[in-house]
Amino acid sequence: MISSILPSKFKYSYYKKSAIKVSSTADKYIDHGIKKCICDLNKYKSEKVSGFDLVLPPLVALIFFRTGKRAYLEQIASAISMFKDNFTIEMKTGEGKTIVGFMVSALYAISGRSVHFVTANSYLAQRDATEASHIFEDLDFSVSFLDESMNGKERRLSYCSEILWSSPSELVFDHLRSKSALTVYDRIENHFDVVIIDELDSVLLDNARTPYVISDESTGLSINTSNYAFCFMVAQKLVKQREKFLVVNLKERNVGINKAGYEILKAWFEGADSDVELGSMSVFTYRVKQALEVLLLIKRDVDYLVKDREIILISNETGRILNSVKWSHGLHQFVEMKEGLEISSCASTRTSITSRLFFNKYRILVGLSGTLLTDKYELADSYGIDILPIPTHTPSKRIDHPDKFFLNKDYQFAAIINFIASQQNPRPPILICTQSVDDSSVLSELLNKNGYSHNMLDAKHPEHEAEVISCAGLPNTITISTNLAGRGTDIKLGVEGENDVEGNPNSHKFVNEVLGGLQIIGVGRNSSRRVDNQLIGRSGRQGDCGSSRFFCSLDDPLMAAYGSFPGVKSLLENAGEDGLVMGSIQRSIYQAQQLNEGADYTSRKSSVRFVNVINAQESVVETLRENVIVSYDVIETIKSLLSLLFARSEGLPLKLIVQELGPSVVKPILYRDSSAVIARVEKDLSVDGLTGRDLLQVMAEGVKTIDDIWVEYESELEYLKVRASYNASSDGDVFNIFATLAEKEFEALISKMALKTIKAMCDKLTVVSALCSIK
């Protein structure tokens, strides 16, 4: 395409030329009236027209008639670039991404595509879908949304819509539930055609490594508390001598065990009491490493809360609580042990998938966000996404102040209180963004102590999010937000609808021009420039005034992880609550952020290598599963599985085969002659008199057996990683050893899966046939 070979500034100019023509034609449609828009758009829909130059003008006019908002050239150019050349656009906060989303969704729907529009949460999905339904109500395509309260029938109906609004989790969990369904009738069909993701970086980068998981509590493993207590005790002893036995990397949030540490572990393993069931050395090592992570890396009020004597996880990127989510493979139970809580059962993972694997299934993947350019190389590498930056419609008047540095948190927090006290009355709206629930709580106490009323937006108070955001732009309002809780909703200055009369303190004009707009205070720099840019972008929207300033201390996580700064401690101590602006530390912080971003990218890329091995194996299993679930012939399915078993039987002990299928199969197995066994199946097994429902039960038993074996195998793969790291001399070697071990294990798995599935289906068929004969 022409635009891909041009620099960014020329790319936008390229699309702006088309936008000018579209805008001019849209004015003519506005002159003709809404009926002309609807008539032409329905005609284009019936013909599945894909030319934006034809479809966009009446679409822009229709949006104007329905909302009173006239799309800017920047918005029209954005829609063209997304639809025509699959660009993902960087558009600053408040520049009208919602209108762009409506235009792009409609362009795809009119051209005959199925569109899924992904928003930050279900509230925004319902809000935007409701507005879109109003805009497009007379057009020949349907709009819907997904909500967690919907049942299966309602969800299937929603998926039939041309445009479907949803949060990421609703789409992903529907896919996982369909993936784990035991019959075709329990599935929800997703055609994976076009997906448009709002706040794309949050979905595809921030949550890239955290898998979506469906657990099976009914098959959960009861925890051997003596086993866990022993591993936890060993981890505590290692922590006491961490310099001698451990390699702790706070930058990458990783705990390693050195050679001396492994020798100590081996001694503990061999000397453990017989009543402590540790399993293999690799399982014991895996458990101890989990306990070390809990003791050294996973922090209360940062990574999780304790509420009603339960562990509640917190999203590190959004500050939101993660309801009904647990750490897997025993990590959650170690956190419970650390907090002195009752140890819960360890639910088995039924099925899981990462954002990366899920969204890469779509034929077309585009999106919008205010902060993308800092991660453009990773987005291109991992998702094939090209970024097009869009200029603001009106230049921002926000003032970004240089960072101030303090010796410790006490001085840092005192300076924030002093800054608030220095503001005139009425004060401008102030948004204070912290990096942890704990910091938010401390600041809240200080504000209360000094007589400042304020609102809290964090993991402890998620139910008040919409209300808090709606008030955050009012005069005299102080809002404390953990990271970017509330992202996806604009903070508007003043009270909407208030007249801009002279001296009205609640009007947009007064808050903007007299009070100076929204004042942003960052409590320390985040580990990513992108996250800082997201915070800064909350102020100065649509040409408004505003300011941003960061109050940083040597206690901040980024500063603690990447620098000691011995030469400046005395200077900062003397500065006290006044702090200092120091260019040398500022440069060090930017370098630390770049290093951290690089480490995160490397870590995500390394994680993808391991996931790809597992995913490739799972694809083979899914094919086997699919052949069983869609088959309507039980006998043919069993015969097919027998052929697979005979082709791979060398990986199985003969004793196991005899145990499952009987001694008569020994000779055919040894001579690789499946014909005799297949003939016996045809003779002994019968489906006469069985109904379709009866046959579904037999097939479902086969599918369930495949699922159970895969779940057990996935747990074993976690231990294989530990074995690989135990025997490796480098990180690259870890992956190679793991891949080799996994390949060997997988060969045996397929043979075992075929054998066990045959046995399960034959047994179920016998039982069902017997029940039918009784009837």
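## Close-up views of a predicted model

**View 1. Strand β10 (residues 310-314) pairs with β11 in the antiparallel sense over two bridges.** Two strands count as paired if DSSP finds at least two bridges between them, and strands (E, at least two residues) and helices (H or I, at least four residues) are DSSP runs numbered from the N terminus. The model is predicted, with local features needing a pLDDT of at least 70 and side-chain atom pairs a pLDDT of 80 or more, while totals for chains, interfaces and linings use all residues. Residues are numbered from 1 along each chain as its sequence is written, and side-chain values use heavy atoms, without hydrogens and water. In this view, Ile314 stands opposite Ile321 in β11. The strands belong to an open sheet of three, in the order β9-β10-β11, with antiparallel pairing. Because β9 (304-307) and β11 (321-322) stand at the edges with a single partner strand each, one side of each is left without a neighbour in the sheet. Helix α14 (residues 331-338) lies across β9 and β10, and runs at about 120° to β10; such angles, from 0 to 180 degrees, are taken between the N-to-C directions of lines fitted to C-alpha atoms, for helices over the stretch in contact.

**View 2. Strand β2 (residues 115-118) is covered on both faces.** Val115 and Phe117 on one side, and His116 and Val118 on the other, are all buried, where buried means under 20% relative accessible area, exposed over 50% and partly exposed in between, with a 1.4 Å probe and protein chains only. With strand β4 (residues 163-166), β2 pairs in the parallel sense over four bridges, and here Phe117 stands opposite Trp165. With strand β5 (residues 194-198), β2 also pairs in the parallel sense, over four bridges, and Val118 stands opposite Ile197.

**View 3. The largest nonpolar core has 58 residues.** Such a core is a set of buried Ala, Val, Leu, Ile, Met, Phe, Trp, Tyr and Cys residues joined through side-chain atoms within 4.5 Å. The residues with the most contacts inside this core are Leu56, Met103, Phe136, Phe141, Trp165 and Ile196, and its largest share, ten residues, comes from helix α5 (residues 97-110). Another core, of 49 residues, lies apart from it and includes Ile678, Leu690, Met699 and Ile758. If residues up to four places away in sequence are not counted, Trp165 touches, among others, Phe102, Phe117, Asp128 and Phe145, a contact being heavy atoms within 4.5 Å.

**View 4. Helix α4 (residues 73-85) is mostly covered, with eleven of its 13 residues buried.** Among the buried residues of α4 are Glu74, Ile76, Ile80, Phe83 and Asp85. At 1.5 Å a residue, the 13 residues should span 18 Å, and the end C-alpha atoms are 17 Å apart, which agrees; the expected span is 1.5 Å times one less than the number of residues. Just after α4, Asn86 takes a positive phi of about 60°.

**View 5. Arg66 lies in helix α3 (residues 52-67).** Arg66 counts as buried because its relative accessibility is 18%. A polar atom of the Arg66 side chain lies 3.2 Å from the backbone oxygen of Ile135. Leaving aside residues up to four places away in sequence, Arg66 touches Ile34, Ile38, His134, Ile135, Glu137 and Asp138.

Key: A polar contact is a pair of N or O atoms within 3.5 Å; within protein, one must be able to donate a hydrogen and the other to accept it, and residues adjacent in sequence count only if both atoms are side-chain atoms.
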